[in-house]
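Let's take a walk through this one together. Have the sequence and the 3D view open side by side.

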Amino acid sequence: MSGLQLVDIHKRFGSVAAVDNISLSVDEGTFVCLLGPSGCGKTTLLRMIAGLEDPTSGNILLQGRRLNDTPAHLRNLGMVFQSLALFPHLSVGENIAYPLRIRGKSKAACGERVRELLDMVQLPGVADRTITQLSGGQRQRIAIARALAVSPQLFLLDEPLSALDAKLREAMQVELRQLQQRLGITTIVVTHDQREAMTMSDQIVVMSNGKVEQMGAPIEAYRRPATPFVADFLGQANLIKVAAGEGGARFSGGTIPGLDVAGGEGALVSIRPEDIAVLPSETGPVKASVVFVREMGAIVEIYLDAGGERIVAHAAPKTHGDFKVGSTVSLSMPAEACVVFDGAGA
Amino acid sequence: MRRSPPQKLTDYLPIAFPAAMLGLFFVVPFAIMVAVSVFKRVPGGFYEPAFTLANYARFLSPFFGEVLVFSLFLAAFVSAICLLIGVPFTYLLTRLRRGNQVVWLIALLGVLSLSEVIIGFSWSTLLSRTAGLSNLFVWLGLMDRPQSWTPSFGAVLTGLVYQAFPYTVLVLYPAFSRLDPSLMEAARTLGSSPIRAFLNVVLPAMRTTLLATSIIVFIFALGAYLLPQILGRPQHWTLSVLVTDQAIYQSNMPFAAAMAVFLVMASLALVGLSVAISGRKGAGQ
């Protein structure tokens, strides 16, 4: 039986549907990210799995067993909160030992396990410190250690890294992923940071307005977004309104050769900035003028105007000297890099 | 946030005004009271400057000892009951929607606008045999015949708790509304039932606030002099009642001052003791 299953989950707050008919299944031992903008229902979904909210309807199954009526404290899961929620009146060691003490473990057994967990999060010897003596990154690790103290069946994290600075966040993403792989624990992380979701997870679930937009492997969702929303939310995307034309898809800036648009009028094409090649020649199927050049170090972002359509393209740094603001260029937009959404309004 | 301590004399300027006010209206009158407490009473008159410890010696009697012990006991009892009701009440209050919280707080502030005299006589009526609550209970069939519940220790306690309860909630409220709700939720996901989580996470995390509140209510109840007279028998009179009695009805200012000074010292000692005890406990953890 698979790890966690959500079946037709609804959650209403008054007249607002926070979670609107979500079904998904999470295989045992996988790392899943619930990804979406704030207010999309991802945290509510996580809180229902944890038992901190009750679904209005639908079932939550863990290894085939219905979890709905089990109160939070009997669900045997570990959760890391956005605020970390470390207990201020307890020392680091007492915080980690809290779930063990609740379950009646002896002081010696607790001490042994606390040492083990502190080694696991690479913070040996801090058991006697107070929470306020730790840095943000250290507190993060303690919260993780506490959530994993009883070896739960399910590991839930709500925006766990949002309070850390960029560099530490990247390091913790890698560390969290390695820890999850070592323990083989089914893990669900809520985040609004698409980079975080891409780098950590086996599966991502992109959500918007209480619904699942797409779920699958991160790179799959990035290369083949199911909806314009996913294309736009995962990384950068150019969403261009096109119509079927002679020899390809026509838009205000020109024609994308060889691209077949079945839907006729109102179709939308998504193409990633890195798939667009900017060429110095003034002749080609798509003409554009350079509006702005943004040097990012590893890449250069070129903002273009193609007949009123705003397009972003990426180029390697050494070539960008050719593109001055105001100059006219031609764009190569390969049909195989485009994803077509027919009739769907963005 | 850390700031550097004041360096120059002018850095202290902002506290000059409050310091002057505190000195003028608190320290000076208290010093006068201490001085008066060693003065000699002039029978039929007022008092004259002297240095005598006779006023203090007078309450080294079993009678005053008993009154002092009763006063401290009553204040501690009131403070315990207020916290016992006030803590769960305030916790649940902060979990309500904002609009409902305001309604409850306004109702509590309403109690504060009542004068002590009105509170005393209202409870005295409510607890009386002729027009009191017991008539309601008889009508409901809970009692056989109306009963008088005042004057009694229970009546004094009820009146004082009623009066101190709004203060309890108002002191607890800011701390409880700042409490991170995910502390409680974290405790639940870690295996604590809601009640257990409240007892072993919320209460210990609020330790300092609880101590501060109990001290405030304790001192508030220690100063009560009207309610024990209206709702109690003479054996329920507190030291504050005796101070009033000596100062106003017996015109014995020196003795009243000596009792007042002693009351202040006794309560300061108790507060110091409880802070020291909790401080040591806090450091040990």
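Which residues have the most contacts inside the largest nonpolar core? Before we get there, a word on what you're looking at. This is a predicted model, in which local features need pLDDT of at least 70 and side-chain atom pairs count only at pLDDT 80 or more, while totals for chains, interfaces and linings use all residues. Residues are numbered from 1 along each chain as its sequence is written, and chains are lettered from A and ligands numbered from 1 in the order in which they are written.

Now the core. The largest one holds 83 residues, and those with the most contacts inside it are A:C33, A:L34, A:A145, A:L156, A:V205 and A:V206. A nonpolar core here is a set of buried Ala, Val, Leu, Ile, Met, Phe, Trp, Tyr and Cys residues joined through C-beta atoms within 7 Å. Buried means that 20 or more other C-beta atoms lie within 10 Å of the residue's own, with C-beta atoms placed from the backbone. Take A:V205: setting aside neighbours within four places in sequence, its contacts are A:L24, A:V32, A:C33, A:L34, A:L35, A:V212 and A:M215. (Contact means C-beta atoms, placed from the backbone, within 7 Å.) There's also a second, separate core of 34 residues, including B:L74 and B:V217.

Next, the sheet in chain A. Six strands make up an open, mixed sheet, in the order β6-β7-β8-β3-β9-β10. Strands are DSSP runs of E with at least two residues, helices are runs of H or I with at least four, and both are numbered from the N terminus; two strands pair if DSSP finds at least two bridges between them. In chain A, β6 (77-80) and β10 (211-216) are the edge strands with a single partner each, so one side of each has no neighbour in the sheet. From one strand to the next, the twist averages 15°.

Within that sheet, β3 (residues 31-35) and β8 (residues 186-191) of chain A run parallel, joined by five bridges. A:C33, one of the core residues with the most contacts, has A:V189 as its bridge partner in β8(A). Helix α4 (residues 136-147) of chain A lies across β6 and β7 (154-158) of chain A, at about 165° to β6(A); such angles run from 0 to 180 degrees between N-to-C directions, with axes fitted to C-alpha atoms, for helices over the stretch in contact.

Further along chain A come two hairpins. β11(A) and β12(A) have two residues between them, and A:G247 in the turn has a positive phi of about 75°. A:A244 stands opposite A:A249 in β12(A). β12(A) also forms a hairpin with β13(A), again with two residues between the strands, and here A:A249 stands opposite A:I256.

Chain B has 13 helices and two strands. Of its 285 residues, 28% count as buried. An unreviewed UniProt entry lists residues 68-274 of chain B as "domain: ABC transmembrane type-1"; such annotations may be inferred rather than shown by experiment. That span is 78% helix and 0% strand.

Finally, where do the chains meet? On the chain A side, 17 residues are in contact with 16 of chain B. β6 and α2 (92-102) of chain A each give two or more residues to that side, and α2(A) gives the most, with three.

Terms used: Two residues are in contact if their C-beta atoms, placed from the backbone, lie within 7 Å. A residue is buried if 20 or more other C-beta atoms lie within 10 Å of its own, exposed if 12 or fewer, and partly exposed in between; C-beta atoms are placed from the backbone.
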